[in-house]
Amino acid sequence: MAIEDRGDASLITHALATDMLTQLRDVETEQVAFRKGLVKLGRICGYEIIDGAMETEYVSVQTPLTETMGQRVKGLDDVVIVNVLRAATPFVEGLLKAFPRARQGVISASRDEAAGMDDDGEFPISVDYVKLPDIEPEDTVIVADPMLATGSTMCAVLERVLEGQPDPEHLFVLSAVSAPEGLLRVNEAVPQAELLTVAIDEELDDDGYIVPGLGDAGDRAFRTTE
């Protein structure tokens, strides 16, 4: 299993995940390759969640020659994936290759860049659209966003996800890169969340961007800036 406990978060250390993240970080990686990279990374992370958190059960199966015992993953029909628009869209596309029968939710949430960070390192968050399926106690819920920076957006998203819902069996916050400040904030606000990331970067800069990071994942994936 390529998931390591790092205190505030668990690190996905699969070689293909770290390889893909390196390609995503590269400023020379253009839009199409960047989007495809996020899809591939989401798929790898999904497989690691299956391997690291989901149980298997023995089942009888009839082969062309005889009956034998095999193993199947339990709970694949009890997965909810929440897409934090917009950067998470290709990331979630990859997750759905690992969880093709997952129920899906969408939340449009963004931080007010013009307002800037307050003295506590938080941004004002605007939540403009929420469409979520019902969550059941046996569910595995994965809230996906490639960047976990200050944690302000993720805390606002998790508040909406959990509002009026029972606690799921597993609640994962999945990111490609995270800043220590954001991990700490989400841990304090939603201690039941299991934080998964491919990299914990050094810091946030004065504008709240992850350093070294990978730039604005949404802009790079959708080519909304040159």
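Does Thr140 count as buried or exposed, and what is its relative accessibility? At 5% relative accessibility, Thr140 counts as buried, where buried means under 20% relative accessible area, exposed over 50% and partly exposed in between, with a 1.4 Å probe and protein chains only. Thr140 lies in strand S8, residues 140-144. Leaving aside neighbours within four places in sequence, its contacts are Met54, Asp78, Val79, Val80, His170 and Phe172; contact here means heavy atoms within 4.5 Å.

A word on the model before we go on. This is a predicted model, in which local features need pLDDT of at least 70 and side-chain atom pairs count only at pLDDT 80 or more, while totals for chains, interfaces and linings use all residues. Residues are numbered from 1 along each chain as its sequence is written, and side-chain values use heavy atoms, with hydrogens and water left out.

## The chain as a whole

The secondary structure comes to six helices and 13 strands. Helices (H or I, at least four residues) and strands (E, at least two) are DSSP runs, numbered from the N terminus. Along the principal axes, the C-alpha atoms fill a box of roughly 65 × 45 × 30 Å. For 226 residues, a compact globule would have a radius of gyration near 17 Å, and the 18 Å of this chain agrees; the radius is taken over C-alpha atoms, and the globule rule is 2.2 Å times the number of residues to the power 0.38. Buried residues make up 46% of the 226 residues. Among contacts between residues at least 6 apart in sequence, 65% join residues at least 24 apart.

## Helix H2 and the cores

Helix H2 covers residues 31-53; at 1.5 Å a residue its 23 residues should span 33 Å, and its end C-alpha atoms are 32 Å apart, which agrees. The expected span is 1.5 Å times one less than the number of residues. At the start of H2, a side-chain oxygen of Glu30 reaches to within 3.1 Å of the backbone nitrogen of Val32. The buried residues of H2 include Phe34, Leu38, Leu41, Ile44, Glu48 and Ile49.

The largest nonpolar core has 41 residues, and those with the most contacts inside it are Ile12, Leu41, Ile81, Phe99, Ile142, Leu174 and Leu214. Such a core is a set of buried Ala, Val, Leu, Ile, Met, Phe, Trp, Tyr and Cys residues joined through side-chain atoms within 4.5 Å. H2 gives the most to this core, with seven residues. Ile142 touches Ile49, Val79, Val80, Ile81, Val82, Leu95, Phe99, Phe172 and Leu174, not counting residues up to four places away in sequence. A second, separate core of 23 residues includes Leu148, Leu158, Val173 and Leu183.

Helix H3 has its own buried set: Ala88, Pro90, Phe91, Val92, Gly94, Leu95 and Ala98. These buried residues pack against H2, S5, S6, S8, S10 and H6.

Side chains of opposite charge can pair when their charged atoms come close. A search of the whole structure finds seven salt bridges, each a side-chain nitrogen of Lys or Arg within 4 Å of a carboxyl oxygen of Asp or Glu. Here are some of them.

| Glu4 | Arg6 | 2.8 Å |

Glu55 lies in the loop between H2 and strand S3 (56-62) and Lys74 in the loop between strand S4 (67-73) and S5, so the pair ties together parts that are 19 residues apart in sequence. Lys74 is partly exposed, at 36%. Glu4 is partly exposed at 36% relative accessibility, and Arg6 is partly exposed at 46%.

Glu122 sits in the loop between strand S6 (103-111) and strand S7 (125-131), and Arg185 in helix H5 (residues 180-189), 63 residues apart. Glu122 is partly exposed with a relative accessible area of 32%, whereas Arg185 is buried at 17%.

Ser152 touches both members of that pair, along with Gly121, Phe123 and Ile125, not counting residues up to four places away in sequence. Ser152 is found in helix H4, residues 152-162, and is buried with a relative accessible area of 5%. A polar atom of the Ser152 side chain lies 3.1 Å from the backbone nitrogen of Phe123. A polar contact is a pair of N or O atoms within 3.5 Å; within protein, one must be able to donate a hydrogen and the other to accept it, and residues adjacent in sequence count only if both atoms are side-chain atoms.
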